[in-house]
Amino acid sequence: MARILSRSTRQIYSSQSTLQPQHHAVSVRFYAKEASPKALKGDDMLKGIFFDVKKKFETAIGILRKEKITIDPEDPAAVAQYAKVIKTVREKADLFSESQRIQYTIKTRTEGIKDARSYLLALKEIRLKRGLTDELGAEAMMMDALLKIEKELKKPLMRNDKKGMALLMTEFDKINQKLGIRKEDLPKYEEQLELKIAKAQLEELKKDAHEAMRTQKIREEFKDEEMVDVKSLDIRNFI
């Protein structure tokens, strides 16, 4: 069960949603957000980072000790409760939300890109790496819009071309209108994304719980015991 608890805590901190496999370490950047640290000596900076991460971890554990988590990804109420716990941890520990992580990734990975086409391709790469789907086909529409503008300009569109970018933004507004996407609905889309992530994380926890119980059942002293329903497990009892 300790391994399951470890995964639960790691998922809350992770910079990658469980919509894709997690095979790499978490970047410290996501703990510290975007604030630039003051000029410090190497040891002082590492010490500061360590205590900051330690504080955030202890905050997360403190919340997990109090909040009930039901490992049932098929129950909308359980998913909503888990998403609520994650949100509480994020707010109390001052961590990025998933949409904020995406925004930060976009900002850091595209700030040196000069042309619009490479920028859109970078967005697609980020989406694919994060395991997100383009269910509406918006990317293809955006590339078509860019092609239209570049044909009118008779040259590649650069991001510092204010007139050309204004024309492109107008085309993007038309796409958003066609797809029914409104800026005022962004909080709703973020909530839907958080619920999707919460469900995926619960599915991973359920998978890990079953694997842990099967491994335990192989041992001689547990071979006659029945496997419990993962929904009955209370993570708080193992912290």
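Predicted model: local features only at pLDDT ≥ 70, side-chain atom pairs only at ≥ 80, totals over all residues.
A residue is called buried under 20% relative accessible area, exposed over 50%, and partly exposed in between (1.4 Å probe, protein chains only). Residues are numbered from 1 along each chain as its sequence is written, and side-chain values use heavy atoms, with hydrogens and water left out.

Buried in α4 are A78, V79, Y82, A83, V85, I86, V89, R90 and A93. Viewed down the axis of α4, the buried residues fall within an arc of 155°, so they line one face of the helix; the arc is that of the directions from the helix axis to the C-beta atoms. P76, A77, K84, E91 and K92, on the other side of α4, are exposed. Just after the helix, D94 takes a positive phi of about 60°.

Turning to charged pairs, the whole structure holds 11 salt bridges, each a side-chain nitrogen of Lys or Arg within 4 Å of a carboxyl oxygen of Asp or Glu. One of them joins the side chains of R117 and E150 (2.7 Å, N to O). Because R117 lies in helix α6 (residues 116-129) and E150 in helix α7 (residues 138-153), the pair ties together parts that are 33 residues apart in sequence. R117 is partly exposed at 29% relative accessibility, whereas E150 is buried at 12%.

Another bridge links E171 to K174, with the closest N and O atoms 3.4 Å apart. These two residues are 3 apart in helix α8 (residues 162-179), or about one helical turn. E171 counts as buried at 13% relative accessibility, and K174 as partly exposed at 46%. R182 and D185 also form a salt bridge, their closest N and O atoms being 3.0 Å apart. Here R182 is partly exposed at 44%, while D185 is buried at 13%. Salt bridges that share partners also join K148, E171 and K174 into one network.

Key: Helix = DSSP H or I, 4+ residues; strand = E, 2+ residues; numbered from the N terminus.
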